[in-house]
Amino acid sequence: HNMVAYSFVDASSGVRVFDNDDDGEGGSGAKLASTIDNKGARDVIVVVSRWFGGVHLGPARFKHIASVAGALLEEQGYCRDR
């Protein structure tokens with residue numbers, strides 16, 4: 001699964017554009033979008049890839065998806081004070 005979320009401001013209209021896709025990993029795209037929003041990140045696209053390695057992670061997978069996305073946004077300097 002390649003889950004994606006993005007957020008940017010359209011330069012011509014000044015309107016914030018954002019969306020997400022969970023690629024069949026129900027609800028994970030929304031979790032990524034929420035992470036972007038909670039971190040105050042703009043002008044960013046985040047893709048998290050996950051494949052089944054034989055261990056069922058259950059609901060904990062959402063924690064891992066949000067954690068890795070949040071760490072990436074912080075590491076790359078996309079987080080803003082809210």
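Q: What is the place of Thr 35 in this structure?
A: In this predicted model, Thr 35 belongs to helix 1, which covers residues 28-39.

Q: Why does Thr 35 count as buried?
A: Its relative accessibility is 9%. Buried means under 20%, so Thr 35 counts as buried.

Q: Which residues does Thr 35 touch, not counting residues up to four places away in sequence?
A: Thr 35 touches Ala 66, Ala 69, Gly 70 and Leu 73.

Q: What pattern does the chain follow, read along the sequence?
A: The pattern is β-β-α-β-α. In total there are two helices and three strands.

Q: How many salt bridges does the rule give?
A: The count is five salt bridges. In general, side chains of opposite charge can pair when their charged atoms come close.

Q: What makes Asp 37 and Arg 16 a salt bridge?
A: Their closest N and O atoms are 3.5 Å apart. The rule asks for a side-chain nitrogen of Lys or Arg within 4 Å of a carboxyl oxygen of Asp or Glu, so the pair of Asp 37 and Arg 16 is a salt bridge.

Q: Why is the pair of Asp 37 and Arg 16 said to tie together parts of the chain?
A: Asp 37 lies in helix 1, whereas Arg 16 lies in strand 2 (residues 16-21), so the pair ties together parts that are 21 residues apart in sequence.

Q: Why are Asp 37 and Arg 16 called partly exposed?
A: Asp 37 has a relative accessible area of 27%, and Arg 16 has a relative accessibility of 28%. Partly exposed is the range between buried, under 20%, and exposed, over 50%. Asp 37 is therefore partly exposed, and so is Arg 16.

Q: What makes Glu 25 and Arg 61 a salt bridge?
A: The N to O distance between their side chains is 2.3 Å. The limit is 4 Å, so the pair of Glu 25 and Arg 61 meets the rule. The two residues are 36 apart, with Glu 25 in the loop between strand 2 and helix 1 and Arg 61 in helix 2.

Q: Why is Glu 25 called buried?
A: Glu 25 has a relative accessible area of 4%. The cut-off for buried is under 20%, so Glu 25 is buried.

Q: With which residue does Glu 25 meet in a salt bridge of 2.9 Å, N to O?
A: That residue is Arg 50. Glu 25 is in the loop between strand 2 and helix 1, and Arg 50 is in the loop between strand 3 (44-49) and helix 2 (60-75), so this pair ties together parts 25 residues apart in sequence. Both Glu 25 and Arg 50 are buried.

Q: How many aromatic pairs are there, by the rule for rings?
A: There is one aromatic pair. The rings of Tyr 6 and Phe 8 have centres 6.1 Å apart and planes at 25°. Centres must lie within 6.5 Å, and planes under 30 degrees apart count as stacked, so the pair of Tyr 6 and Phe 8 is stacked.

Q: Why do Tyr 6 and Phe 8 count as partly exposed?
A: Tyr 6 has 28% relative accessibility, and Phe 8 has a relative accessible area of 33%.

Terms used
Residues numbered from 1 in each chain as written. Predicted model: local features only at pLDDT ≥ 70, side-chain atom pairs only at ≥ 80, totals over all residues. Heavy atoms only, no water. Helix = DSSP H or I, 4+ residues; strand = E, 2+ residues; numbered from the N terminus. Buried < 20%, exposed > 50% of the residue type's maximum accessible area, 1.4 Å probe, protein only. Contact = heavy atoms within 4.5 Å. Phe/Tyr/Trp six-rings, centres within 6.5 Å; stacked < 30°, edge-to-face > 60°.
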